[in-house]
Amino acid sequence: MLAQSKVGVLSGRSLAPKMAWEFTPYTIPFAVTVLCSLVFGGYLVYDARRRGWDTSVGSLAVVSLGTLVWAGAALVQVSATSFSVMVVAEQWTYVGTPIVVIGWFVFTASYTDYDDLLTVPVVGSLTVVLGVGTVLALTNGLHQLMWAAPAVVDHGSFSSLTYEKTVAYYLFIGVAFGVALLGVALLGRFMLTSPTLYRSQMAALIVAAAAPIVVSLWVVLGLGPHATVELSPIAFTFSVAAFIFAIKRYQLLDLEPIARTRVVESMREGYVVLGDDERIVDLNPSAQWLLETDERVIGADVRTVLPEIEPLLDGDDATGTELSVEVAGERRYLAANRSALSETDEGLGSLVLLRDVTERRQVEKRYQELIEHSMDVIAVLDEDWTVTYASPSHETVLGIDPDTITGERVADHIHPDDRPQLRERFASLAEDPGATLRFEFRIVDADGEWHVLEGMARNLLDNAVVRGIVVNSRDITDRKRRERELERQNERLEDFANVVSHDLRNPLQIAEGYLDEARRTGDEDAFDRVETAHDRMETIIDDVLELARQGRTVGETEPVSLATVADEAWATVRTDRATLTVADDARVEADPDRLRRLFENLFRNSVEHGGPGVSVTVGPIRAESPDESERQRVDGDTGFYVEDDGVGIPESERETVFESGFTTETGGTGFGLTIVREIAEAHGWDVSVADSTVENATAVADGRSATNEDTERDGDRGGARFEFRPREDAAADVP
């Protein structure tokens with residue numbers, strides 16, 4: 001029945017009354033190929049949606065699509081009993097063929113790093129040539145340019161078409177074979193220089209391509225028992241198997257060979273290939289952009305585009321060199337490395353790699369400017385406190401040259417009292433990478449003055465760039481002084497409160513009591529006692545106002561005469577029969593008004609406690625060396641003393657005599673020596689109390705030497721001596 005329906009069909013119509021299908025020996029193989037193409041294409045689409053499309057995945061998907069069309073058309077042709085359907089199916093095989101060939105070419109060129117073949121002219125030409133063949137095949141019934149009128153060949157159990165091929169057909173097939181074999185050749189050549197894994201991948205790909213090529217050649221040459229059957233699509237079943245094997249076993253889509261040309265051309269770093277004569281042989285687009293040039297510089301001396309490259313050309317290899325070029329009126333900085341292209345062969349030249357570090361340099365310069373103009377003192381220390389970096393602010397804040405302190409141990413500049421605690425805390429910090437530490441310390445400046453710094457340290461010893469402990473400190477000397485002044489002001493406020501609540505209340509109550517008595521009795525003595533109470537309150541108020549107004553501040557200081565200021569102060573104090581002796585004159589750096597007030601309080605203290613005939617002596621404290629004494633006389637940094645021959649001050653009370661309200665006299669306010677201490681500290685002086693060097697006051701008053709009776713009465717003290725010396729710590733009021 002089947003043979004009767006097909007034998008003798010030579011025209012374009014079928015002898016069968018209607019279209020029918022038959023099961024042939026090739027139906028299942030072609031159906032399997034169609035199914036494999038669908039599964040493989042579906043997998044590629046899934047993988048692309050998961051990882052993203054690229055040239056390799058996309059071109060393989062095109063190959064899968066072409067195989068699906070080619071195998072599907074062959075399946076219809078071999079299974080149909082209608083002549084017209086067989087003819088149309090035969091024509092559609094020529095639609096799948098160019099799709100497979102072009103997809104294969106794109107895949108192999110991309111995979112083997114021959115991207116220069118994937119240009120519009122090349123791919124476009126192939127598409128046009130194969131596309132023309134496809135159009136001619138689809139319209140062959142109109143012109144028969146591809147083949148003559150087909151005929152049916154009866155194979156017993158099935159039938160196939162046969163036709164006489166034309167020159168156009170062989171041109172079409174020749175181009176298709178040529179492109180397919182070119183892809184195989186690209187794989188073979190690339191395989192010779194690839195690592196083992198990529199060789200295995202390419203071997204699998206060559207097998208995938210070889211199967212349909214060999215079968216197609218078999219069909220074209222008319223070999224085999226069924227030479228008229230288009231068996232080529234069946235071979236794609238083996239191709240799909242080879243593709244899947246390469247994907248699963250050798251990670252075909254995950255570990256593709258790097259397209260070196262594409263990488264070099266698109267790399268951000270620029271490269272310049274130089275010949276032995278230092279002329280430019282090649283340079284990539286990045287180098288052209290960095291140097292603001294183009295390919296026309298090839299053949300020119302590299303110095304024409306990189307004038308600063310000379311140091312890099314000395315020697316075989318050079319790394320870590322920084323060059324600069326002027327580009328569009330702006331300075332561009334390039335990190336450059338040069339290496340020989342071969343260590344053995346001469347004449348191969350060298351390779352210069354360029355990396356744009358302009359932005360990094362700008363950032364570095366910005367932070368450098370910030371550090372250099374910062375008032376914070378920044379230093380980097382190693383574990384032993386040795387300075388490895390010191391910011392320029394060391395000179396601004398401390399007057400210390402950063403280069404001088406670099407390499408020194410910072411502990412040598414820190415106040416001895418602060419070193420033990422800092423050493424312990426830094427030792428703990430050094431054991432904890434990344435940890436931070438807040439602290440305060442005193443450090444000496446270039447002039448020997450102490451500053452209080454508040455800082456934060458961070459352990460960056462493990463940081464590959466820093467490799468140290470970064471210390472960022474700020475000078476808070478003035479703030480500490482203000483805090484100390486605020487504390488003293490608060491103390492004075494407490495003193496004022498005590499005066500108002502106690503010292504002023506007592507004489508006020510006494511005055512009120514005697515005033516009531518005077519009103520009641522008219523006793524004149526009562527009015528005298530009221531006046532005495534008022535005088536007492538006036539004295540207290542004067543002393544309190546002195547503390548409130550003067551505090552610890554001084555005006556401008558100048559070298560003043562010790563004798564002159566002492567005489568002026570003596571003239572303003574009620575001294576009765578007391579006497580003043582200036583042992584020697586000297587110049588003292590002081591505020592004249594505040595120094596006079598200091599003397600007034602000391603003189604008043606001596607008269608009140610030493611008696612009306614007390615003898616007061618003022619004099620300078622000289623250094624033991626004559627040269628040093630002369631320097632003190634000229635520079636005005638002399639210490640001085642004030643002593644009397646009164647009853648003196650017991651050692652048990654010498655620590656408290658300067659406290660507010662301390663007095664041994666019932667009529668005293670206890671603020672006189674407090675004022676003395678405030679003025680001394682404001683000048684940066686240390687004040688201390690000792691025994692006087694003059695004889696006992698009782699003996700002096702009688703014009704004789706002290707006796708045992710005097711000693712028993714006045715003790716073994718020979719009066720009080722107040723000594724004032726400049727502090728070694730110039731920031732005397734900073735704790």
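The following legends describe close-up views of a predicted model.

**View 1. Salt-bridge network around Arg-479 and Glu-454.** Glu-440, Glu-454, Arg-479, Lys-480 and Glu-483 are joined in a network of salt bridges. Arg-479 is partly exposed at 30% relative accessibility, and Glu-454 is partly exposed at 31%.

View 2. Arg-596 pairs with Glu-568, their closest N and O atoms being 3.4 Å apart. Arg-596 is partly exposed, with a relative accessible area of 22%, as is Glu-568 with 38%. Arg-597 forms a salt bridge with Glu-600; both residues lie in helix H21, about one turn apart, and both are buried.

**View 3. Patch of negative charge on the surface.** Glu-524, Asp-525, Asp-528, Glu-531, Asp-535, Glu-538 and Asp-542 gather in this patch. Glu-524 is located in helix H19 (residues 524–550) and is exposed, with a relative accessible area of 56%.

**View 4. Loop residues with positive phi.** Most residues other than glycine have a negative phi. Glu-278, however, has a positive phi of about 65°; this residue lies in the loop between strands S3 (270–274) and S4 (280–283) and is buried, at 15% relative accessible area. Trp-385 has a positive phi of about 70°. Its place is the loop between strands S8 (377–381) and S9 (387–390), where Trp-385 is buried, with a relative accessible area of 6%.

Conventions. Residues are numbered from 1 along each chain as its sequence is written. This is a predicted model: local features need pLDDT of at least 70, side-chain atom pairs count only at pLDDT 80 or more; totals for chains, interfaces and linings use all residues. Side-chain values use heavy atoms; hydrogens and water are left out. Patches are made of residues with over 30% relative accessible area and no salt bridge: like charges are joined within 9 Å, nonpolar side chains (Val, Leu, Ile, Met, Phe, Trp, Tyr) within 5 Å. Accessible areas come from the Shrake-Rupley method with a 1.4 Å probe; for residues, only the protein chains shown count as cover. A salt bridge is a side-chain nitrogen of Lys or Arg within 4 Å of a carboxyl oxygen of Asp or Glu. Lys and Arg count as positive and Asp and Glu as negative; His and the chain ends are not counted. The place of a charge is taken as NZ of Lys, CZ of Arg, CG of Asp or CD of Glu. Helices (H or I, at least four residues) and strands (E, at least two) are DSSP runs, numbered from the N terminus. Buried means under 20% relative accessible area, exposed over 50%, partly exposed in between (1.4 Å probe, protein chains only).
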